[in-house]
Amino acid sequence: MEKITLTMPASRALSGKALSGVVGSGDMEVLFAAEPGQTLTIDITTSVDNSRGRWEALFNRLHIVSSLPAGKLTIHDFGATPGVVRIRIEQVFEGVSHA
């Protein structure tokens, strides 16, 4: 298991909390809690060792194509593919924006 913490600039504010996915399903779960400020802190626990570069690339891409919200994102990854990872992250941000 590898633990990774990333910090990204945030350019939008949301309120509330949301959950997407289930780690026991063999893919991943993503939890988001909105917080005031201008950063998104991402705590990742993954079963895939040496994957920091993949996670950094994914969040850099997300930062370029969409505005990231301020808060804390907690990811429990059980080897999900990059496509599933992005879907779960987008689902949790959409879920909290409608809460």
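This is a predicted model: local features need pLDDT of at least 70, side-chain atom pairs count only at pLDDT 80 or more; totals for chains, interfaces and linings use all residues.

Trainee: Is Thr45 buried or exposed?

Mentor: Check the relative accessible area against the cut-off: buried means under 20%. Thr45 has 18%, so it counts as buried.

Trainee: And how does Arg54 come out, buried or partly exposed?

Mentor: Arg54, which lies in helix H1, has a relative accessible area of 30% and is therefore partly exposed. Its contacts, again leaving out residues up to four places away, are Thr46, Val48, Asp77, Ala80, Pro82 and Val85. Take Pro82: it is 28 residues from Arg54 along the chain, yet their C-alpha atoms are separated by 8.5 Å.

Trainee: Now a helix. Which residues of H2 are buried?

Mentor: H2 runs over residues 82-97, and its 16 residues reach 23 Å from the first C-alpha to the last, close to the expected 22 Å. Its buried residues are Val85, Arg88, Ile89, Val92, Phe93 and Val96. Those residues span an arc of only 130 degrees around the axis, so they sit on the same side of H2.

Trainee: What covers that side?

Mentor: The cover over the buried residues of H2 includes strands E2 (17-21), E3 (28-34), E4 (39-46) and E5 (71-77), along with helix H1 (52-65).

Trainee: Stepping back, what pattern does the protein follow along the sequence?

Mentor: Read the elements in order and you get β-β-β-β-α-β-α, made up of 2 helices and 5 strands. For the overall shape, compare the radius of gyration with that of a compact globule: for 99 residues that would be near 13 Å, and the protein's 12 Å agrees. The C-alpha atoms fill a box of roughly 30 × 25 × 20 Å along the principal axes.

Trainee: How many of the 99 residues count as buried, as a percentage?

Mentor: The share is 38%. As for contacts between residues at least 6 apart in sequence, 80% join residues at least 24 apart.

Methods: Residues are numbered from 1 along each chain as its sequence is written. Side-chain values use heavy atoms; hydrogens and water are left out. Helices (H or I, at least four residues) and strands (E, at least two) are DSSP runs, numbered from the N terminus. The expected span of a helix is 1.5 Å times one less than its number of residues. Buried means under 20% relative accessible area, exposed over 50%, partly exposed in between (1.4 Å probe, protein chains only). The arc is that of the directions from the helix axis to the C-beta atoms. Contact means heavy atoms within 4.5 Å. The radius of gyration is taken over C-alpha atoms; the globule rule is 2.2 Å times the number of residues to the power 0.38.
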